[in-house]
Amino acid sequence: MESESVGIMSDKSKQFGEQYDANVYSSYRKDTPVELIEKIIDFLKEKVPEPLETAVDVGCGNGQSTVILAPYFKQVHGSDVSEAQIEQAKANRSLSNVTYAAGPAEKLPFCDGSVQLLTAATALHWFDLDTFLPEARRVLCVNGVMAVYGYLNMKPLFENPTRAKEVDELFDKYCKVLEPHHVMSKVSILQNRYKDVKFPFEEVNRCPDVRCCFEGKLPDVVNYVSTWSGYQNFKKVDNKGAEELLDYFRKRLYEIGATCSVSPEDSVTLYRDFQLILCRKTKDGSFAR
């Protein structure tokens, strides 16, 4: 499971950011849901009046989580350590009030208190948190918000509980094989739902999961799991083994779908359960616990 926008402090993370096929990522990762962004904006507006000026999307990847902020802000900036991802963003998700730049999450090129919203979309686990979190606080204005969100998987929504359990078991098996190839010290932070992260903000709201559904097809799920960093790393060391694993995943998923009368060509409801953490800075200066 993970979105692979990457920080800079881990050599393995940086290597992924430099080498990963950004075209594949851009093609197979679905856009950020509007309903999720609206929850974030509503929380921000509780204490920050309109018009909203500046938003920063850190670990923006190909810009999917950046452009969706454009209707709400005068200016939106997306940053990512991967230059390949930034080039994809500029080429495919360019708007008049959106800019992109390659750079580390841990050193943001913004003045103190100049940002109203900072987002990290399935990216926080890649950052050096000891450096990034104080930096995020520094650039936020008083009552500014840092929104951290992410999802672990994208799955078909089968109403039959037996079939749904079989899909879960398939994902578990796929994950288990890829464990040696994941940067587990990073991925486990997301898998643990950021529970061990100490956010240096006066208000920290860990929201209930937000389930976002959309219409897709079973091949979309196969394409999605092929974007995982663990799979891409597996391919580098054993391309044949990685392809065999993906073929197994595809075959088994289609078998489960067939028992629900869903073929690879049929439309099916897919879902992602988003974790959402909303942090508000209510005072200037560093955070005093």
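Contact is taken here to mean heavy atoms within 4.5 Å, and axes are lines fitted to C-alpha atoms, for helices over the stretch in contact, with angles that run from 0 to 180 degrees between N-to-C directions. In these terms helix α3 (residues 34–45) lies across β4, β5, β6 and β7, and runs at about 20° to β7. The structure is a predicted model, in which local features need pLDDT of at least 70 and side-chain atom pairs count only at pLDDT 80 or more, while totals for chains, interfaces and linings use all residues. Residues are numbered from 1 along each chain as its sequence is written, and side-chain values use heavy atoms, with hydrogens and water left out.

The chain contains eleven helices and seven strands, where helices (H or I, at least four residues) and strands (E, at least two) are DSSP runs, numbered from the N terminus. Of its 289 residues, 53% count as buried; buried means under 20% relative accessible area, exposed means over 50%, and partly exposed lies in between (1.4 Å probe, protein chains only). Among the contacts in the chain with a separation of 6 or more, 80% are accounted for by residues 24 or more positions apart.

Seven strands form an open sheet with mixed pairing, in the order β3-β2-β1-β4-β5-β7-β6, two strands being counted as paired if DSSP finds at least two bridges between them. The edge strands of this sheet are β3 (98–102) and β6, each of which pairs on one side only. On average, neighbouring strands of the sheet are turned by 20° against each other, direction ignored.

Within this sheet, strand β5 (residues 140–156) has 15 of its 17 residues buried, so it is largely enclosed by the rest of the structure. Strand β4 (residues 115–121) runs parallel to β5 and is joined to it by six bridges; valine 115 stands opposite leucine 140 in β5, and alanine 121 stands opposite tyrosine 149 in β5. Together with helix α6 (residues 129–139), β4 and β5 make a right-handed β-α-β unit, a crossover being right-handed if, with the strands pointing away from the viewer, the path from the first strand over the helix to the second runs clockwise.

Strand β7 (residues 268–280) runs antiparallel to β5, and ten bridges join the two. Here alanine 147 stands opposite leucine 278 in β7, and valine 148 stands opposite isoleucine 277 in β7. Strand β7 is also joined to strand β6 (residues 203–216), by twelve bridges in an antiparallel arrangement, with isoleucine 277 in β7 as the bridge partner of arginine 206. Like β5, β7 is mostly covered, as eleven of its 13 residues are buried.

Two packed helices are described by the angle between their axes and the distance between the axes. Helix α7 (residues 161–178) and helix α11 (residues 239–259) pack at an angle of about 175°, with their axes 10 Å apart. That makes α7 roughly antiparallel to α11, since angles under 35 degrees count as roughly parallel, over 145 as roughly antiparallel, 65 to 115 as roughly perpendicular and the rest as oblique. Residues that make this contact include Val167, Leu170 and Phe171 of α7 and Leu246, Phe249 and Leu253 of α11. By class, the contact of α7 with α11 has twelve nonpolar, one polar and four charged residues; Ala, Val, Leu, Ile, Met, Phe, Trp, Tyr, Cys and Pro count as nonpolar, Asp, Glu, Lys and Arg as charged, and the others, Gly among them, as polar.

The axes of helix α10 (residues 229–237) and α11 come within 5 Å and cross at roughly 140°, and these helices are therefore oblique to each other. Among the residues that make the contact are Tyr231 and Phe234 of α10 and Leu245 and Leu246 of α11, and by class the contact has six nonpolar, two polar and two charged residues.

Phenylalanine 158 is placed in the loop between β5 and α7 and is buried, with a relative accessible area of 8%. Not counting residues up to four places away in sequence, phenylalanine 158 touches Arg163, Ala164, Val167, Leu218, Ile256, Gly257, Cys260, Val262 and Val268. Phenylalanine 158 and isoleucine 256 are 98 residues apart in sequence and 9.5 Å apart in space, C-alpha to C-alpha.
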